[in-house]
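The following note collects points on the aromatic contacts, selected helices and individual residues of the structure shown below. It is meant to be read with the coordinates open.

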Amino acid sequence: MDVGLSVFVGNTTMVDTDCYKLWLDGFTYYEASVKRYQGFKDTYRSEVVKSDTIDNYRMFNSMEKHLRSPLLLKHQAQFQIPEILHSALIEKYYELDPVFAREILGKKLSSRNRKDLDDISEDTNIRLRSCRRQYDNFKRVFKTVEDMQGPIVKNIQTHFLISEPLARKYAAIVFFANNRFETSKKRLQYLTFDDYCFCAERMIASWTIGAADPGKGDLDADFDREFLQDLRELKFLSSDKDASDTHKSLVLSALRGKPAVTNVEDNFKNLSRAIINIANGMIHSKDLKDFFTDVVEKIIEPCKAAGWSSDQMMRFLTLYTASSESIGGLARNPKHHNVLSRYMSTLTECTQRMYHD
């Protein structure tokens, strides 16, 4: 029995998005063929599906050099890709797996660390090809924008043509790689990639050079060194007994008549010392690197030990900031209170996000 076969010729590139995802996920063409055949076996023979998969993979491999430089993909003539598909291909290529990204966060994006991807692939159950693609994307974005001036997110969007939400995730990766935060310690393992992204966004928006003066033009992955230096002027809040006692009284007074936060009087001194010591050390690279470890160990864990919920901890940190403006050293120097408020607003948001029940 003869079987008819329709053939057409055109110059518009046709992409099977399901096959593209299998390619991105690191499946070989044979593995992808087997998976695709499960959905087509009532319609096509396995040889047809295999041949189509090979054709798609050959096209994706040829297209990859352009995907690595999205601006080239937009202007190349080899593949006639509709605009809407063009954007989707780039977005999918640069999508990241939060589990894999969590493993890489804070590490130096070096060739040496790329060799460790076999272990990460095994630990996360993410195929090695996908791990390598994502790692190379992280490194490519970082190398492209690390010496640029201006906002990270905007720079990433401009050069890689990805959506703002995805660019924000890459901005967090750039921010962590730039500042080499410690994220691998055991007590930090419960924190997710999304937790770190949230904190990175808040830090970039409040503690970087770009946050202080957008007109300076520096990359906003760099901390505002003047701000970090000013934080050292707040040391008296924990070292000066009169200032510390006054602060504690103001916080206790503010808590009266409100939902109970127990053991504040017993815990105030240690928490205040922790808050100020973290601020005081941020000017030093080693202490800054341990920021997240210090927040968990010296603020979150003591609050949990005191029986405080996330809301109760938030209430304490908010009142700690608000009541400080009545302390002599800050009341006489509005600049110091502004520095404390700038520090505490972001610290409070990050600490609340990092507090997991």
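**Notes on a predicted model**

1. The count of aromatic pairs comes to 27. The structure under review is a predicted model, and every value in this note was computed from it. One of the pairs joins Phe175 and Phe181, whose ring centres are 5.8 Å apart and whose planes make an angle of 40 degrees, a tilted arrangement. Both Phe175 and Phe181 are buried.

2. A further tilted pair is formed by Phe268 and Tyr320, with 5.9 Å from centre to centre and 40 degrees between the planes. Phe268 belongs to helix α17 (residues 264–281) and Tyr320 to helix α20 (residues 310–323), so this pair ties together parts that lie 52 residues apart in sequence. Phe268 has a relative accessible area of 1% and is therefore buried. Tyr320 likewise counts as buried, because its relative accessibility is 0%.

3. Ring pairs also build a cluster, which links Tyr20, Trp23, Tyr57, Phe60, Tyr93, Tyr94, Phe100, Phe138, Phe160 and Tyr170. Tyr93, a member of this cluster, additionally has the charged end of Arg133 over its ring, 5.7 Å from the ring centre. In another such arrangement, the charged end of Arg342 sits over the ring of Phe227 at 4.1 Å from its centre.

4. The mean pLDDT of the protein chain is 89, and 93% of the residues score at least 70. Among the elements of the chain, helix α19 (residues 291–305) has the highest mean pLDDT, 97, whereas helix α21 (residues 328–331) has the lowest, 73.

5. Helix α2 spans residues 29–40 and contains 12 residues; from its first C-alpha to its last it reaches 16 Å, close to the 16 Å expected at 1.5 Å a residue. Its residues Ala32, Ser33 and Arg36 are buried. These three lie on the same side of α2, because the arc they cover around the axis is only 100 degrees. The cover over the buried residues of α2 includes α1 (17–24) and α3 (46–67).

6. Helix α16 (residues 241–255) has 15 residues, and the distance from its first C-alpha to its last is 21 Å, close to the 21 Å expected at 1.5 Å a residue. Which residues of α16 are buried? They are Ala243, Ser244, His247, Val251 and Leu255. Viewed down the axis, the buried residues of α16 fall within an arc of 105 degrees and so line one face of the helix. Lys241 and Asp242, on the other side of α16, are exposed. The elements that cover the buried residues of α16 include α15 (236–239), α17 and α20. Two of these, α17 and α20, are also the helices that hold Phe268 and Tyr320, respectively.

7. With neighbours within four places in sequence left aside, Leu255 is in contact with Val261, Val264, Arg315 and Leu319. The C-alpha atoms of Leu255 and Leu319 are separated by 8.1 Å, although the two residues are 64 residues apart along the chain.

8. Gln134 is located in helix α9 (residues 128–145). Is Gln134 buried or exposed? Its relative accessible area is 3%, and Gln134 is therefore buried. When residues up to four places away in sequence are not counted, Gln134 touches Glu95, Leu96, Asp97, Phe100 and Ile126. Of these, Phe100 is also named in the aromatic cluster.

9. Thr346 has its place in helix α22 (residues 334–354). Thr346 counts as buried because its relative accessibility is 2%. Apart from neighbours within four places in sequence, Thr346 is in contact with Arg202, Met203, Ser206 and Trp207. Asn280 lies 66 residues from Thr346 along the chain, and the C-alpha atoms of the two are separated by 15 Å.

Conventions: Residues numbered from 1 in each chain as written. Predicted model: local features only at pLDDT ≥ 70, side-chain atom pairs only at ≥ 80, totals over all residues. Heavy atoms only, no water. Helix = DSSP H or I, 4+ residues; strand = E, 2+ residues; numbered from the N terminus. Expected span 1.5 Å × (residues − 1). Buried < 20%, exposed > 50% of the residue type's maximum accessible area, 1.4 Å probe, protein only. Arc of directions from axis to C-beta. Contact = heavy atoms within 4.5 Å. Phe/Tyr/Trp six-rings, centres within 6.5 Å; stacked < 30°, edge-to-face > 60°. Lys NZ or Arg CZ within 6 Å of the ring centre and 35° of its normal. pLDDT = per-residue confidence, 0-100.
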